[in-house]
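Student: I should like to work through this structure by question and answer. May we begin once it is on display?

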Amino acid sequence: MTTEIDAAARHFYDRMMRHISEHTQSNIAADLIIQQQYVDTAAPVDKFLSSAQTILSSESEGFNSRIGGHYWADDSRDLIAVIQALRDFNTAIQPQGWELQTKPGTFLNQLFDYLSFLSESGGSEIPPDIPRMNDFLLAKTAIFSLKEKEVDNQLFPDLVDIRQLGKITPEILRKLVEGLR
């Protein structure tokens, strides 16, 4: 990891925690199960991702039970804070060649979609057709990870990976030079 990613993780963790209710903060301190799932992730990214997941896990049961109904204001604000922190962290690390991914792969976009109806005041009306959060996975396994972004290689489809430049054949080298003209 780079120091820029570490700095982003610290920044978004601090910002997220400033907006999280005291009740939810106490859940973060108590949830060692989720923290243990991120032992292979470098600090401070591990603290940010495990804390975000702990908040989502603690909110998932209440959220899921309120689909099609009213979701409380404090819980709405907590959910907004963690989703915005994840979104902004993902945006911040992309210039360094990394991106946030989730298991299942659609979960991050699902969270981002929640921002369309969550409200910071007065609670939120959750649409009846909104996908549920998988509270079992959130409580038991690391949902978040970082991966290096794929290299866009549409200009040179014969190259499997840009890091293979040392293995260029004369034909690929000719295409490479032609593509630069």
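Tutor: The model is a predicted one. On helix α1, the face turned away from the buried side carries the exposed residues Thr3 and Arg18.

Student: Which residues of α1 are buried, and on which side of α1 do they lie?

Tutor: The buried residues of α1 are Ile5, Asp6, Ala8, Ala9, Phe12, Tyr13, Met16 and Met17. They cover an arc of only 160° around the axis, which puts them on the same side of α1. In an α-helix there are 3.6 residues a turn, so residues three or four places apart point the same way.

Student: How far apart are the end C-alpha atoms of α1?

Tutor: Helix α1 has 16 residues, and at 1.5 Å a residue these should span 22 Å.

Student: How many aromatic pairs are found in the whole structure, and how is the pair of Phe63 and Tyr114 classed?

Tutor: The search finds seven aromatic pairs. For Phe63 and Tyr114, the ring centres are 4.7 Å apart and the planes stand at 35°, so the pair is tilted.

Student: Which parts does this pair tie together?

Tutor: The two residues are 51 residues apart in sequence. Phe63 lies in helix α4 and Tyr114 in helix α6, so the parts tied together are α4 and α6.

Notes:
Residues are numbered from 1 along each chain as its sequence is written. This is a predicted model: local features need pLDDT of at least 70, side-chain atom pairs count only at pLDDT 80 or more; totals for chains, interfaces and linings use all residues. Side-chain values use heavy atoms; hydrogens and water are left out. Helices (H or I, at least four residues) and strands (E, at least two) are DSSP runs, numbered from the N terminus. The expected span of a helix is 1.5 Å times one less than its number of residues. Buried means under 20% relative accessible area, exposed over 50%, partly exposed in between (1.4 Å probe, protein chains only). The arc is that of the directions from the helix axis to the C-beta atoms. Rings of Phe, Tyr and Trp (its six-membered ring) pair if their centres lie within 6.5 Å; planes under 30 degrees apart count as stacked, over 60 as edge-to-face and the rest as tilted.
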